Amino acid sequence: MAATDTTTPAGATVVEGSDGLLLEVDGQIVPNYDATITPFEEGDVVTGKVVRIDADEVLVDIGYKSEGVIPAHELSIRKSVDPADEVELGEEVDALVLTKEDQDGRLILSKKRARFEKAWRRIEAAAESGEPVEGQVIEVVKGGLIIDLGVRGFLPASLVDIRRVPHLDDYLGQKIECKVIELNRSRNNVVLSRRAVLEEERKEVRQQILDRLQPGLVVEGQISNIVDFGAFVDLDGIDGLIHISELSWSHVNHPSEILSIGDTVKVKVLDIDRDRQRISLGLKQTQEDPWQRVVDTYNVNDELEGKVTKVVTFGAFVEILDGVEGLVHISELAPHHVESPREIVHPGDEIRVKILEIDSERRRLSLSAKRVEDQILPVSRGSDAESATDDGEPSAEATENAPTQASAEAAQPESAVEPEPAAETAEAAPDVQASSDATVAEPAGEQAQPQPAGDEAATAAADSTTEPAAEPTQD
């Protein structure tokens, strides 16, 4: 052995066949203790066996003249560790030599620095090859996780999973695989991405799912994200989108009204763009179509209860079933002329209506309130404030306190008929658009319906009053 030559005392010779462990001195054979000591220098990494574990340090036999000491703070990159949690008696560990002999004559070692050196070599190789590295989550910090790789690696919260993780604490103690996306040894900076590993794993799975899915197929998935225009569904590896218009047969203002992240839902595949790997899904298609209930249950001239959902300039929408609305045109609200539908009904009013037309192809209903016998409109309300119109003008009922709208009109002088506010006219366009999701229809052939002679006179009177009078000259 090369070590035998350097450890042979002067005047002694090595006994042949002893591998330098025996010496002949003055005709006597004695053990060569120096030959059992492994030569090393400060900064070297040595291997030894744990022979003792104390509360603040660990003793390791590395074949030196005395055991090496690993202080508790040199055992791990973690903070405030218990030595018994880091090593076991008899375990072989690698340690870096910090000091061959301190002021107390002890050999000081560091387990964490030996790991640090080995870890850096492994991390640099992984960063070069693109292979993932494995480590344990040891800390949750602002903006992400700290991973123990032998080096403290930082995993940003946005790269923990494919989608946002609400509770990072769930990962504490877990072993996870990540890819190295940034490396700077001079600053001890390692940035990791678990998302990159997951996306690579799901590439093949995503293609398999796309090959399996076909339009018209009903599948089960989990709501992964909710946005203003719809909801994303995780189909075991690939996300599909339910557009807001495909969520429900009734109008939906926001997807969060009917769905929550994590919900398990059955959806129908509507369309697949295989080139762009996009899937369009429908939720309402897996539910009973309320329009079919209308077709199967009701006929023209049937009378039924409904609730006013929206009042617009040309009439009122009335919901007769969950998800099914019909339109009561302004000409069908009352037997007399109506200037504004808000003179007769308001959102939330419960009224009876008669079915005038069921348009199966266009999925629209035409309704009438005036053709229901024994119905008194406007409905009674608790106060003048409640009976005010949506634009702040009091209704005819609140103004005149008359028992019926017809008598109120007869009692009013022509000059009392105020022109329709300009804001009311402007409201028609957005209201029509807003009601596009509902199952409605305007009554066919409205022009064919005759108006009573009294109505014509009232209309003429109303038209004549809509011309603004000349304003008086101000002094």
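Student: Which residues of α3 are buried?

Tutor: Buried means under 20% relative accessible area, with exposed over 50% and partly exposed in between (1.4 Å probe, protein chains only). In α3 the buried ones are Lys111, Ala114, Ala119, Trp120, Ile123 and Ala126.

Student: What should I keep in mind about the model and its numbering?

Tutor: This is a predicted model, where local features need pLDDT of at least 70 and side-chain atom pairs count only at pLDDT 80 or more, while totals for chains, interfaces and linings use all residues. Residues are numbered from 1 along each chain as its sequence is written, and side-chain values use heavy atoms, leaving out hydrogens and water.

Student: Where does pLDDT stay under 50?

Tutor: pLDDT is the predictor's confidence in each residue, from 0 to 100. The protein chain has a mean of 75, with 73% of its residues at 70 or more. Residues 1-6 fall below 50, and beyond near neighbours in sequence that stretch has four contacts (heavy atoms within 4.5 Å) in the model. Residues 382-475 also stay under 50, with 118 contacts beyond four places in sequence. Where pLDDT is low, the predicted coordinates should not be read in detail.

Student: What sits at the two ends of α3?

Tutor: At the start, a side-chain oxygen of Ser110 comes to within 3.1 Å of the backbone nitrogen of Arg113. After the helix comes Gly130, with a positive phi near 85°.

Student: Which residues is Asn189 in contact with, leaving aside neighbours within four places in sequence?

Tutor: They are Trp120, Glu182, Leu183 and Asn184. Trp120 is one of the buried residues of α3, and Asn189 itself is in strand β13 (residues 189-193). The side chains of Asn189 and Glu182 also make a polar contact at 3.3 Å. That term is for a pair of N or O atoms within 3.5 Å; within protein, one must be able to donate a hydrogen and the other to accept it, and residues adjacent in sequence count only if both atoms are side-chain atoms.

Student: How do I read strand pairing around β6?

Tutor: Two strands pair if DSSP finds at least two bridges between them. Strand β5 (residues 57-61) runs antiparallel to β6, joined by four bridges, and Leu59 stands opposite Val69. These two strands form a hairpin with six residues between them, and Gly63 in the turn has a positive phi of about 85°. β6 also pairs with strand β8 (residues 107-110), in the parallel sense over two bridges, where Val69 stands opposite Ile108.

Student: Are the faces of β6 covered or open, and which residues are on them?

Tutor: Both faces are covered: Gly68 and Ile70 on one side, Val69 and Pro71 on the other, are all buried.

Student: In what order do the strands β14 to β18 close into a barrel?

Tutor: The order is β14-β15-β16-β18-β17, with mixed pairing. Strands β14 (residues 218-227) and β17 (residues 264-273) pair antiparallel over five bridges, and Glu220 has Lys266 as its bridge partner in β17.
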